[in-house]
Amino acid sequence: MSEFPASAKCVVIGAGIVGNCLVGHLTKLGWNDLVLLDKGPLPNPGGSTGHASNFIFPVDHNKEMCLLGVQSANQYRDLDLSVDSGGIEVARTQERMDELQRRMTSATAWGVEAHLLTPEEVAELVPFVNTEVILGGFYCPTVSVVDSLETGTVMRRLATDNGCRVLANTEVLDIVAEPGPNPGDHTVKAVVTDAGTIETDYVVIACGVWSNRLANMAGATIPLVPAVHQMADVGPMDILAETGNEIGYPIVRDMDTFCYERQTAGSMEVGSYAHRPIFHHPDEIPSNEEAALSPTEMPFTPDDFDPQMEQAIELMDMLGDAEIKYAINGLLSLTPDAMPCLGEVPEVRNLWSAAAVWVKEGPGMAQVVAEWMTYGYPRVIDAHGADISRFYPEERPDEHIWARSAEHFNKTYGIVHPAEQWESRRNLRVGPYFSRQQDLGAFFFQARTWERPQWFESNADLVERYGLSEREVEWDNRWWSPITNAEHLNLRDNCGLVDLSAFQIYELAGPGAVAFADRLAVNKIDVPVGRSIYTPWLTPDGGFHSDLTMMRMGEERVRIVTGVFDGGRDEFWVRRHMPTDGSVSFANTTDDITTLGLWGPNAPAVLGAVCEADLSQAGSSYGSLVDVELDCGTGRPVPATLFRISYVGDTGWEIYLAWDDGPAVWDTLMRIGADYGLRPTGGGVYGTSGRLEKGYRLMGAELESEYNPLEAGLARPRVKAADFIGKEAYLAAREAGGPEVQMCVLTVEDLHDARGRKRYMQGGNEPILTGDGGRIVDSHGRVSRVTTAGPGPSVGKHLLMGYLPSELAAPRTELQVMYMNELFPVRVAGTGAVFDPDDARMKS
Amino acid sequence: MRILCCVKRVPAPGARINVTADGLAVDAAHLGFTTSPHEECGVEEAVQIAERTGGEVTVLTLGPAEAAEQLRYAASVGAHRGVLISTDGSASDPQRTARALTSAIQSLEADGGVFDLILFGNESADSGGFQVGVRVCHALGRPIVNGIKGIEIEGSGVRARREIDGGFEVYELDLPAALGVKEGINLPRYPTMRGRLASKKLEITTLELDAGAGDQALVRLHRPAETVSQTAILGDGPGAAPAAVDVLEELGVL
Amino acid sequence: MLLVVLEHDRGTLGEPAREALTFGRTLAAKMGVEMHAAVIGACAAGPGPVAEEAGAHGADRVYAVEHGVLSDFGPEAWGESIAQIVSVLGPRAVLACGSERGNEVMAQAAARLDWPFVANCTDVTPPAGEGGHWSMTRIQWGGSLLEDAILAAAGTALLTCGLHTVASAPVEPAPAAPPETQAVPVDLDAALARSVVKDRVVLEAGVTLPTAPVVVGGGRGVGSAEGFAPLEELAALLGGRVGCSRAVTNNGWRPHSDQVGQTGTRIAPEIYIASGISGAIQHWVGAMGSKHILAINIDPEANMVVKADWAVIGDLHQVIPAMNAEIRRRRDRP
């Protein structure tokens, strides 16, 4: 009823749990010129928050999801809008019982109280559960039920008390973005509503299932799809009513039927993730006026729910005679990779996404976005997995969103292996050697959009040669092959050829290119032409944003090479920080350049057969870039850049080639290499075993924004003079003295479990514990856990990486690791390589 | 006691009902469907009577194949049989609908005996023609009273109550008879999960009957013009009470 | 001639009859014919007073239909009577008001004549010239949608006008003399007495929901059956009645007879005080006949607030007791 605001510092669109918490958190961080809009009425504007089941199971294998869930649960608790009902995940199968052991492991990692229960113990807590159909349960006493609507109202009120204006029943018609400041950029300017236009510096889309439609208005995308989650409210039942509570019994997740049963006063809500994926385009969602209930409470399709009813009755017989009082096809948001969409969208400056967030993680994720907007990066947790700029263009169309969401919807309660591969939408991006690799029986892993061989069946003969075998337990063997260990040993003995086409490569050019590159990187980029720099990029708070290689290609030319998992984030980071004076141009040359890795003791001999350059350490020193011509017998010399570097611990090169020249070089090297024991070698060696033996850190695993270069062991003796992002925080950390934690490599000393089977940790955040089984947590609350696990075939040990407090980081310190809820003895090897620690094989 | 309940499948829209581009139907693309509310109460009443008298409830509808959903719903709350007069789903006019229902009832009665009681909804939620039940009963030569909010079976007769200002009227009909019932006669039960699952096994009798069009034709549907009023806010909270009472005083209702 | 069937209860003309006459006057003018009216069944004081009031509302002539089985209202007997007098009098259209009785007896007549019957019209256009046909706009979905319809033939149209489509009004200036009254005989089978009203039960005296000058409505926001006490008090202070939304009856807080809405009662008070009611369409179509609306709601964006003439933003549990106190204070004023 007040005056329509003509301008605001920031407009937040969407007054669900996320938008409300976001204006609250922004207010706490000092923002006051805010506008919160929603097309619906308040307090329930009709989005997914309004029909959410409002419970939080705090344990998740994924660190971001788990810790933000716990963080959110605590925010609800702090507002006194939460009840700890407890919750039990029940198992009907042995496979699920094994999964519950893994849940126990994750619970220990994240410090969440949990217990494994027998069927009888389940029945003590929930007497109406049929113990005949379950094998056991995973009980978590801190499962909570929250009041998301009231929480939103409280957070909104906090904002309005400090100047935020709220416009309900106000529909956004357009989000105006104008070109600039750099070529190809757009910047958000205004929000056009049916009640008027608001000029604004920032816009946040927190519109849940409608988010992609809103983003499209500005020429951006928020890759999510509105998906149906069916739920039915049945009751009343005396045993529930007699509790006199909204929630008196623990929530039961019937994991193997993908259903849950949650008490709501005298009734039981039965919710399902078991039905066929049912998706709606945002344009198909009715308006508040058109909807019979609310826009996101769509008409129930009972046929889809019938099997779940039978299963629910099987588990709780009393449900069969209860009346179905309310049943909906409730809409929620799914994304192609099952992670939220947070952060500034890469297509439009100052346009932010806070979407694909459920009630269970809403307050925490709102805090992430508020901090991100305020400080340039989140502080509460590293959120790279939710960063919306992670998506490549191929991941943004509906075709991809729908296919991937359809694939993972039924895995909501599924048992998902840490290395699990997607079935749909494969071969989106392939290297120039793809058909050759297929002929060699390559088993491909997909890295975001890129297909990379993980191992080659053509190398199966090596398994016998090296006397290797499959792993004993199917789970450990899943998505793994002993061939990868064979390829590793062959590379150490002879040499291997690795396809690195998925490298993401950018070129900075122009008079300001080197200075700008120096602004991004911790290490000095202004080095002689022909030198490379391996360097962290820091967040403003001094944690890792990226970890990559930069190359001084010319006086005014810098190449950036980064891994495929981080390409989207890194490209956006570069573009977002580019000077606006025209002194630097940016080009993504990923599609023009293919890279082959050639490593092993015989690598110089193989390469020497096609190259006349001096390949000795003297002629091509470690870290150097040399332009050469390769003789592939075609009569035309093939230009190539040799980069003497190794991520696997043996001498060799990354060979940068024009994309179209790649196949001829592959064929030539394979032909010549046949006499030198050269084998095509997969990502299992490159990304895991070779890397682990050398203790090399990987962005997203060992390196996160919560850790700094000192802790990661990547700090150089001196800090360069030039300014760079995060320098102040980095200097402060250096001045503070020795790091509190250090990245270490550990060896597993005995792989046998209680049943005498050899088990192999997967690198899925298994907790590293003290000798007496205690959790190891530092003063920032950071827990010691496995960041990467994998074989070390050349050292004969299963290897782990993880941060340890400095007092535990000394070599030979004896600790334990938990895997599948069992403890295994481990020993600290050190902070560096366990194989060839002096780098003799690479550098001499 | 044989009870027949005639029901209509109707969309379940929200506050704003959209019309298809040709104006001939409600745009139900994203709407659920339900049993017209008066008729839902009719089914509940029929089931309650059957429960009391040991009778059997047959539910009859005219509509597209999807209308079987409403028959199953009726079965899930206790109806015993379902009969579908299958149409192509396009709108029917009242005379046509009445003729088809009449033929169907005659055929069902020829096979299974006369229905002691036929329940219609007072009017359908969508087209609201207020006449189909009356036309069917006239054709069957059976008495019908509309607007019924209370039914008691007494021997071979039925005592029915109809709401009027300040009370109700009572009608007493000999069976067989028919009644048009209104929402409020009962609070319909919801199906239980077991009821829902059992209803999937309902065998539905499908009849093909074409009665031919009547004399009333739909030209187009449209939304009434919206009246936009400017609301005067009298104030916040109890402090606004004097201003509110001022309004009552001005209107002369104080 | 346009024939209007008058709704009355044993000689007391109802508001629906006055609305039908008011609507009918306009229609008759469009048709270029006189408006006649029929009073069917026994009137306590004979047909005279009914005829006089019909005349005041524009009826040029009144037909009195009496018969032994018409001692009280009976849908079949009334419908048969209408069918018979239509055959005798040959009107070009027959109109009643779309009340419960109006729609029912017209349906009964239509069934007997096997003619179409168009219920709840808001506008009617007679056939224009040779080969023309009746066209009309009528209510669907309780008023949420309108239907344009036509009749296939130009013959006698059987119609009702939607309840509260027009506000009743006598003709001005008042006619000098009452209309001529003419008895029309009907031949009714004694069996039609089977569906005549057998008994009446009066539940309460005083003002009823459809006729109350003030309705105090409560919705989900009232929260409980007990929560209606201050609403009852306000209604009593104003000589009105309490109404409610569907959510309230579904929760069992009030009987269905108090429900205002598409499947409940349609109200037309001088003022509707809607408290804690969001204003879903199913409720709105029952309340939209109100002449004025005062909304009391905690949410300034609620539908009912947007549609109201006046609104108080606040908790009804505080606002209504304050209003009750204020009303008492003013009444106690010397």
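Biologist: Into which domains is chain C divided?

Modeller: This is a predicted model, and the mean pLDDT of chain C is 92, with 99% of its residues reaching 70 or more. The division of chain C comes from a domain assignment, and the two parts it gives are domain 1 (2-195) and domain 2 (209-332).

Biologist: How many residues does domain 2 of chain C give to the contact with domain 1 of chain C?

Modeller: The C-alpha centres of domain 1 and domain 2 of chain C lie 34 Å apart. On the side of domain 1 of chain C that touches domain 2 of chain C, there are one nonpolar, four polar and no charged residues. Domain 1 of chain C gives five residues to this contact, and domain 2 of chain C gives six residues.

Biologist: Which element gives the most to the side of chain B that touches chain C?

Modeller: The contact takes 62 residues from chain B and 72 residues from chain C. Among the elements that give two or more residues to the chain B side are α1 (37-53), β7 (144-154), β9 (167-174) and α6 (241-251) of chain B. By class, that side has 31 nonpolar, 19 polar and 12 charged residues. With eight residues, the element that gives the most is β9(B).

Biologist: Which residue of β12(C) is the bridge partner of B:V170?

Modeller: Strand β12 (residues 199-202) of chain C pairs with β9(B) over four bridges, and the sense of this pairing is antiparallel. Within β12(C), the residue that bridges to B:V170 is C:D199.

Biologist: How many residues of chain A are in contact with chain C?

Modeller: The side of chain C that touches chain A divides into two nonpolar, no polar and two charged residues. These four residues of chain C are in contact with residues of chain A, whose number is five.

Biologist: Is the crossing in which α1(A) passes α5(A) left-handed or right-handed?

Modeller: The axes of helix α1 (residues 17-28) and helix α5 (residues 148-160) of chain A come within 8 Å and cross at roughly 35 degrees. Residues that make the contact include A:I17, A:C21 and A:V23 of α1(A), together with A:T151, A:M155 and A:L158 of α5(A). By class, this contact has six nonpolar, six polar and one charged residues. The crossing of α1(A) with α5(A) is left-handed.

Biologist: Which residue of β8(A) does A:F55 stand opposite?

Modeller: Three strands of chain A form an open antiparallel sheet in the order β3-β8-β4, in which β3 (55-56) and β4 (82-84) are the edge strands, each pairing on one side only. Two bridges join β3(A) to strand β8 (residues 144-146) of chain A, and these strands run antiparallel. In β8(A), the residue opposite A:F55 is A:V145.

Biologist: What is the bridge partner of A:I768 in β38(A)?

Modeller: Six strands of chain A form an open sheet with antiparallel pairing, in the order β35-β38-β39-β34-β37-β36, and its edge strands are β35 (768-769) and β36 (788-792). β35(A) pairs with strand β38 (residues 814-819) of chain A in the antiparallel sense over two bridges. The partner of A:I768 in β38(A) is A:V817.

Biologist: Which helix of chain A packs on that sheet?

Modeller: The helix touches β36 and β37 (797-805) of chain A, and its direction makes about 90 degrees with that of β36(A). The helix, which covers residues 683-694 of chain A, is α19.

Note on methods: Residues are numbered from 1 along each chain as its sequence is written. Chains are lettered from A and ligands numbered from 1 in the order in which they are written. This is a predicted model: local features need pLDDT of at least 70, side-chain atom pairs count only at pLDDT 80 or more; totals for chains, interfaces and linings use all residues. Two residues are in contact if their C-beta atoms, placed from the backbone, lie within 7 Å. Ala, Val, Leu, Ile, Met, Phe, Trp, Tyr, Cys and Pro count as nonpolar, Asp, Glu, Lys and Arg as charged, and the others, Gly among them, as polar. Two strands pair if DSSP finds at least two bridges between them. Axes are lines fitted to C-alpha atoms, for helices over the stretch in contact, and angles run from 0 to 180 degrees between N-to-C directions. A crossing is left-handed if the near helix is turned anticlockwise from the far one by less than a right angle, and right-handed if clockwise. pLDDT is the predictor's confidence in each residue, from 0 to 100.
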